[in-house]
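This briefing looks at how two protein chains meet in a model, beginning with a single residue and then widening to the interface as a whole.

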Amino acid sequence: LVSLRQAAVNQLRARVIRRHGRDSLPISINRRRIYILPTRFGYMLGAILAAMLIAGLNYNSNLALAFAFLMASMALVTMHHCNRNMLRLSVDVTTEVDAFAGREALLEFELRNGSRVDRRDIEVRCMSAVGMNSVAAGESATIEVIAPVAQRGVTRVTQFELRTRYPFGWFYSWTYVQGSIAVYVAPAPLGNRALPSGSAQGTGSHSEARGDEDFSGLRAYQPGMPLKHMAWKVLARGGEPVVRSYSSLAAQPEWLDWSMLEGLDTEARLSQLCLWVLESDAAQRPYGLRVPGKELAPSGGAAHRFACLRALAAFGVGEA
Amino acid sequence: MITERVTYEQLLGISGCVALALLAHITTLPLWVPAIVVACGLIRLALARGGRGAPSGSVLVTVAVLVVPLLLVRFHTFNGLVAGTALLSVTAGLKLLETRTRRDIYIITLIIYFVSLAALLEGDSFWLLAYLIGVCWLTTATLLRLTSSGPAPDWRRSLRYGGRVLAQAMPLALVFWLLFPRFAGPLWHIPNDSQTAASGLSDTMSPGDITQLALSDEVAFRVRFEAATPPNSERYWRGPVLDVFDGHTWSRSQASQAGAPTLTPLGPGYQYTVMMEPHRHRWIFMLDWPNSWNLPRSGLTGDYTLMQSEPLSRPVDVVGTSYTHVQSTEPLNSRTRIREVKLPGDRNPRTKALALQLRSTHADAMEFVQAVLAMFAQQPFFYTLTPPKLSDDSVDEFLFNTKRGFCGHYASAFAALARAAGIPARVVTGYQGGTLNPYGGYWILRQSDAHAWTEVWIEGRGWVRIDPTAAIAPERVERGLADVASADESPASAWQRRAHWFSGLQLRFDAVKEMWRERILDFDQDSQRKLLQFLKIPDPDGQKLVMLLAIAMSLVLGWLTWQVRRELAPRSKDETARAYARLCAKLATAGIARVPHEGPEAYALRVARLRPDLAGIATSLCRQYSFLRYSAPSASVTLGQFQAAVRAFRPKATRL
């Protein structure tokens with residue numbers, strides 16, 4: 001029975017894709033794409049309602065019938081409320097997500113509720129993980145789905161599910177959204193090779209304290225750079241956001257090269273490279289990445305780190 | 001989510017709901033059943049308070065093994081209503097004890113719903129229904145607090161939400177209730193396990209029996225006359241006829257089921273409806289003498305009492321006709337005659353002597369009757385609610401010693417005298433008179449209206465009703481018990497006197513209760529047919545009813561959909577802006593949609609350019625809006641005018 005149900009769900013999911021194609025997010029959920037079914041508890045309630053009706057008819061008791069009908073009507077009203085809980089909810093999603101193999105990917109779904117009623121207990125199901133949150137009237141909320149990822153690579157999510165059992169758990173209504181999310185799963189940062197700096201600067205963690213002293217110029221701000229280095233005065237004068245650069249940041253760029261790791265298998269190499277990227281980034285040293293078929297020029301900052309990690313994630317998957 | 005552990009607060013909520021649902025059964029369930037459930041709840045709450053989980057499975061099995069046989073010993077079955085309710089209640093208690101996750105609480109709510117319904121199978125008052133809807137409301141609100149992610153909404157908000165769902169369900173429930181087809185009888189036999197004892201008159205009468213009834217204010221039945229109402233002295237409501245006398249107690253013979261002599265009506269007939277309360281006896285009180293009735297599985301006994309085949313366990317309405325004056329020219333068959341003159345040989349010797357002495361001077365039966373009645377009137381016989389106790393030779397003692405008694409004493413003595421004189425006589429019990437409820441237009445017969453009288457057989461006339469009590473205290477027949485009793489020293493009469501001002505209110509209340517019964521409790525196939533007729537639907541039948549149900553249901557569901565989704569629209573409270581938005585929408589359907597950056601003036605200009613035919617009105621409306629929106633309040637244009645103008649504005653679609 002479970003497999004039968006699963007087959008039906010799969011069929012429905014495929015049909016939804018065929019019918020609606022890919023959704024351009026953010027999307028407002030209309031009533032045509034909301035499905036609704038009783039929960040297990042709802043079926044039990046249905047059985048109790050049937051028993052109530054039979055008891056009322058058999059005892060010819062108009063009051064018992066009135067009570068049974070009231071309960072049944074409440075179930076019908078609840079069905080509408082359950083459906084409404086999802087209706088015209090606007091959904092958006094972060095299309096690119098970064099994660100490390102063996103850890104969790106944090107998928108963020110942005111829900112906007114433009115109506116006058118609270119939407120409670122909205123679940124998002126994606127990559128066999130579930131996140132839940134409520135969205136107050138006229139507000140937005142983020143639902144975080146924490147999905148464990150085991151394998152390095154690029155996972156492309158093409159469909160995720162929104163589901164709610166509100167208000168009484170008698171029904172659940174759900175919808176499929178065809179939004180695409182690319183989950184870049186970088187290799188697990190592992191390895192025992194030293195950072196190929198070779199220079200006397202040592203490991204990054206010490207450099208920061210010393211580096212703060214020696215101002216060496218201004219660099220363009222990139223997301224992820226420490227705010228305490230921000231040159232606020234420049235910004236206040238109307239200039240571009242720039243950060244003060246210190247000698248440690250201005251150190252010689254280092255190439256993190258695939259070819260340096262002879263003797264390791266592919267995944268081990270990638271893991272080592274990943275660890276180096278993180279170490280270099282933590283040390284706030286510019287670094288470049290070279291893997292077969294891909295070369296990223298030396299740079300620093302979060303954007304560069306993500307680019308490198310994604311390159312590692314996509315290695316051999318045929319993805320950029 | 002469903003497997004989340006329950007909190008102390010959730011447990012407290014659901015335990016409270018279980019307790020409230022059980023409260024509706026407190027009169028029918030043996031007290032130890034709710035006690036066990038409450039104990040289970042309290043133990044579980046104490047455990048939760050101490051931060052501990054549910055007790056282990058072995059504890060539960062032990063409790064179940066102890067309690068279920070106890071139920072079986074008490075009820076012998078789980079098939080009956082009370083037994084089933086007891087079992088369900090105990091299950092709820094055990095479930096409460098083992099509650100760990102939300103799933104357990106879901107199961108308990110289902111039990112609460114069903115236990116609430118079971119209470120309605122027994123009770124029938126409006127208040128019970130209202131109370132149980134309240135319980136259901138509370139239970140559902142508890143459910144709302146369970147399913148929420150994050151912090152649960154507070155009680156006030158949960159109740160408000162639950163209340164809204166309940167309110168939206170009401171119209172749908174009403175449609176269902178009115179139009180769902182009813183069946184004539186039960187689908188299968190209902191085990192009659194009710195603990196309620198029979199009430200009202202019984203089929204035996206000892207001296208003093210009716211006195212207990214006289215103090216009861218309980219309603220026995222109500223009557224509505226179709227047209228004319230017989231005078232008070234003719235409103236005798238016939239109950240069991242007692243024709244076997246053992247010297248102390250009158251009882252009903254089992255042989256009296258033979259066909260009764262036919263009655264020829266002498267006066268006008270009366271048509272009426274008797275609305276019986278369930279008294280758990282088989283007889284129905286009809287006006288003396290019943291002629292026709294519409295009750296299935298019933299018939300007249302040989303002594304003209306209407307009997308049903310089964311004891312009355314629920315209220316019934318009987319439409320009947322009766323004639324207050326009848327006669328029967330047939331002779332009494334000999335077997336009946338022998339039965340109706342029988343007296344125990346060794347009892348009441350002085351009564352027999354007196355009867356023979358009176359008979360010797362009054363050869364005619366009717367003259368004999370008059371003589372006895374004259375004796376009651378002239379000798380110091382008293383009518384009292386607190387007669388002295390009588391021994392085995394009750395009639396002797398009453399006639400010659402105490403001379404104080406109630407209607408039962410007089411009827412018993414009179415019938416005994418007549419029998420001793422060789423005149424067939426019997427005691428008839430029933431009700432007499434009644435109180436008119438002016439607010440409802442019907443008569444109420446209370447237990448205090450219970451009465452006993454006699455019938456004697458007069459050749460050529462048939463059975464003739466003689467009410468010996470009338471000879472002593474004529475007021476008893478003319479005005480009713482309350483006034484007679486006030487002359488006596490009984491505390492009940494004093495209470496009745498004091499409560500006189502109260503009776504108006506009481507009658508009003510009774511009228512409402514009667515309406516509730518007639519309109520709600522007795523709603524049936526016939527009422528549904530009348531409803532269809534009222535809606536001018538030709539040839540009302542079950543099929544039409546189902547069709548109407550389907551139509552009404554889809555209408556209500558449509559309304560519901562609108563009602564539920566209406567709240568989704570971000571509605572602006574700004575009336576002016578709304579009217580303007582309506583104007584823009586109308587112009588958009590005419591082919592010119594307002595672009596978001598366009599102000600009213602620019603929009604009006606564009607409309608004028610594209611649709612010269614609309615130029616005047618559009619410009620005027622847009623200017624009105626500008627006025628309302630941007631200038632100080634003035635008399636030149638009001639919001640109401642603007643709204644009306646927008647409503648009246650019907651631009652034609654683009655002609656291209």
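In this predicted model, Thr78(A) has a relative accessibility of 1% and therefore counts as buried, the cut-off for that class being under 20%.

**Around Thr78(A)**
- Apart from neighbours within four places in sequence, Thr78(A) is in contact with Pro167(A), Phe168(A), Trp170(A) and Phe171(A) of its own chain, and with Val165(B) of the partner chain.

**Extent of the interface**
- Between them, chain A and chain B bury about 5700 Å², and 70% of this area is on carbon and sulfur atoms.
- Chain A brings 56 residues to the contact, while chain B brings 67 residues.

**Polar and charged pairs**
- Two salt bridges are counted between chain A and chain B, one of them joining the side chains of Asp118(A) and Arg157(B), with a distance of 2.9 Å from N to O.
- There are also 14 residue pairs in polar contact between the two chains, counted where both residues have pLDDT 80 or more.

**The side of chain A that touches chain B**
- At least two residues of this side come from each of helix 2 (40-58), helix 3 (62-84), strand 6 (119-126) and strand 7 (129-135) of chain A.
- Sorted by class, the side of chain A that touches chain B has 30 nonpolar, 15 polar and 11 charged residues.

Terms used: Residues numbered from 1 in each chain as written. Chains lettered and ligands numbered in written order. Heavy atoms only, no water. Contact = heavy atoms within 4.5 Å. Buried area = accessible area lost by both parts, 1.4 Å probe. Salt bridge = Lys/Arg side-chain N within 4 Å of Asp/Glu carboxyl O. Polar contact = N/O pair within 3.5 Å; in protein donor to acceptor, adjacent residues only side chain to side chain. Helix = DSSP H or I, 4+ residues; strand = E, 2+ residues; numbered from the N terminus. Nonpolar A, V, L, I, M, F, W, Y, C, P; charged D, E, K, R; others polar. Buried < 20%, exposed > 50% of the residue type's maximum accessible area, 1.4 Å probe, protein only.
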